[in-house]
Amino acid sequence: MKFSVDKFRHFEKNHHKPRSCYQNIPVNYRIIRDAPLSFKKIIPMKPTIAEKILCWFDQHGRKDLPWQLEISPYRVWVSEIMLQQTQVTTVIPYYHRFMTHFPDLESLAVAPLDDVLLHWAGLGYYARARNLHKSARLIHQLGQFPTSLDALITLPGIGRSTAGAILSIAFKQHQPILDGNVKRVLARYHAISGWTGDPKVERELWRLSTSYTPKQRTADYTQAMMDLGATVCTRSKPACPHCPIQADCLAHKNALTQQLPTPKPKQTLPIKECILTILMDQHQNILLIQRPPSGIWGGLWSFPEFSSLDDSLGWCVEQQLPVLESQILAPQRHTFSHFHLDYTPVIIKINNLNNNVMEANTRIWYKAAEINSLALPAPISRLVQQYIIENV
Ligand code: SF4
């Protein structure tokens, strides 16, 4: 049985009043099979979640973030790694600096790790920079950027969601993502309780993300979901009145937005203590030690670390560095994901008669005024600024 297009149009005009946001979305119709054809049996379908979110993105989404311009697999990849655990506003200046210094994959692959860490210093989670560098070298050896999910997730630092973002945004493939923003939106929309890092919850969220990801405009949808999570469905105060999927959001409907997503089960972080020794000679040279390549602050430059002031002074004697005076500074705390580091900085002024350079590769005396040209962890950089630069 045929149904005239005119009748559809008539029906749409009189029965479907799309909101202005949805005016560009073609209205879909569902016809109940085997029923006599009449207007009653033709049901206009609501826009899908993807349509609503894309529509919102077209009107309100951010489209001029640095990594959204001149899109390439390399640029998308670097941005995705930087955006893990770090907010957009913090990432932007780092991204610009990084891209100026390492404009393409080759420049990153051939750069020394020290240089990469220097341009990452301050962003934290340095394993990201080390993995970025390792993967750049592997891709460079391969000769081309991998274009499949399986190949991408074998690279250090690239998980399924990051791979999905690279493939959907840079290669226009139909691939879902599930970063922190998407997890939050979906957990609230479906009122899914349980920590989103729990494998069972995560499996369900992947299933939902996969089912909502549209085959058309996947790249835009990926960016739209990330943007919706970052700017509307925010962690503490979601702006539900401005949300394109508010009408069907279960968390909103049931006043659960503050409870969902369920926070990670609290664990008491262990505390580690140390003395950070700022050894300074009479020419304002500071002793720095390069940390081992893996572990916290891996590959970055830091002050020698000891468990007590006595150990610290004893080490100076061993190294034949006559101590002129020492000053204990206020203890400070830096929290890593898995422990608190309580450190007490101690400035020890020494008479470095031999200009002792020790193991040159991993220990250097560095001019205090130039020390910030090295890759330093943020707490070390703060100490340098506070107690050294301002007093030189
Ligand atoms: S309605 Fe509110 S809680 Fe639900 S997805 Fe939108 S912003 Fe998030």
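1. **Ground rules.** Local features need pLDDT of at least 70, and side-chain atom pairs count only at pLDDT 80 or more, while totals for chains, interfaces and linings use all residues of this predicted model. Numbering starts from 1 along each chain as its sequence is written.

2. **Overall make-up.** The chain holds 15 helices and 10 strands. Both are DSSP runs numbered from the N terminus: helices are H or I with at least four residues, strands are E with at least two. Of the 392 residues, 33% count as buried. Buried means 20 or more other C-beta atoms within 10 Å of the residue's own; exposed means 12 or fewer; partly exposed lies in between, with C-beta atoms placed from the backbone. Take the contacts in the chain with a separation of 6 or more: residues 24 or more positions apart account for 65% of them. Two residues are in contact if their C-beta atoms, placed from the backbone, lie within 7 Å.

3. How many residues of α3 are buried? The count is 10 of the 11, so α3 is largely enclosed by the rest of the structure. The buried set is Y74, R75, V76, W77, V78, S79, E80, I81, M82 and L83. The buried residues of α3 pack against α4, α5, α7 (127-142) and α9 (160-170). After α3 comes Q85, with a positive phi near 65°.

4. **The α3/α4 pair.** Helix α3 (residues 73-83) and helix α4 (residues 88-101) have axes that come within 10 Å and cross at roughly 140°. Axes are lines fitted to C-alpha atoms, for helices over the stretch in contact, and angles run from 0 to 180 degrees between N-to-C directions. The two helices are therefore oblique to each other. The classes are: under 35 degrees roughly parallel, over 145 roughly antiparallel, 65 to 115 roughly perpendicular, the rest oblique. From α3, the contact uses V78, S79, M82 and L83; from α4, it uses V88, V91, Y94, Y95 and F98. By class, this contact has 8 nonpolar, 1 polar and no charged residues. Here Ala, Val, Leu, Ile, Met, Phe, Trp, Tyr, Cys and Pro count as nonpolar, Asp, Glu, Lys and Arg as charged, and the others, Gly among them, as polar.

5. **The α2/α12 pair.** The axes of helix α2 (residues 49-60) and helix α12 (residues 218-231) come within 9 Å and cross at roughly 75°. That makes α2 roughly perpendicular to α12. On the α2 side the residues are A50, I53, L54, W56 and F57. They meet D220, Y221, Q223, A224, M225, D227 and L228 in α12. The contact divides into 9 nonpolar, 1 polar and 2 charged residues.

6. **L105.** This residue belongs to helix α5 (residues 105-110). Is L105 buried or exposed? L105 counts as buried because it has 21 C-beta neighbours inside 10 Å. Beyond its neighbours within four places in sequence, L105 is in contact with Y74, A136, I139 and H140.

7. **Ligand shell.** Which residues are closest to the ligand? Of the 14 that surround it, the closest are C233, P238, C240, C243 and C249. A residue is near a molecule if its C-beta atom, placed from the backbone, lies within 6 Å of it. α10 (180-189) and α13 (250-253) each supply at least two shell residues. The largest share, 3 residues, comes from α10. The shell divides into 10 nonpolar, 3 polar and 1 charged.

8. **Backbone points to check.** The peptide bond from L260 to P261 is cis, with omega near -5°. P261 sits in the loop between α13 and β3 (271-280). K172 has a positive phi near 55° and is not a glycine. K172 lies in the loop between α9 and α10, and counts as exposed because it has 12 C-beta neighbours inside 10 Å. A191, also not a glycine, has a positive phi of about 50°. A191 is in the loop between α10 and α11 (199-212). With 16 other C-beta atoms within 10 Å, A191 is partly exposed.
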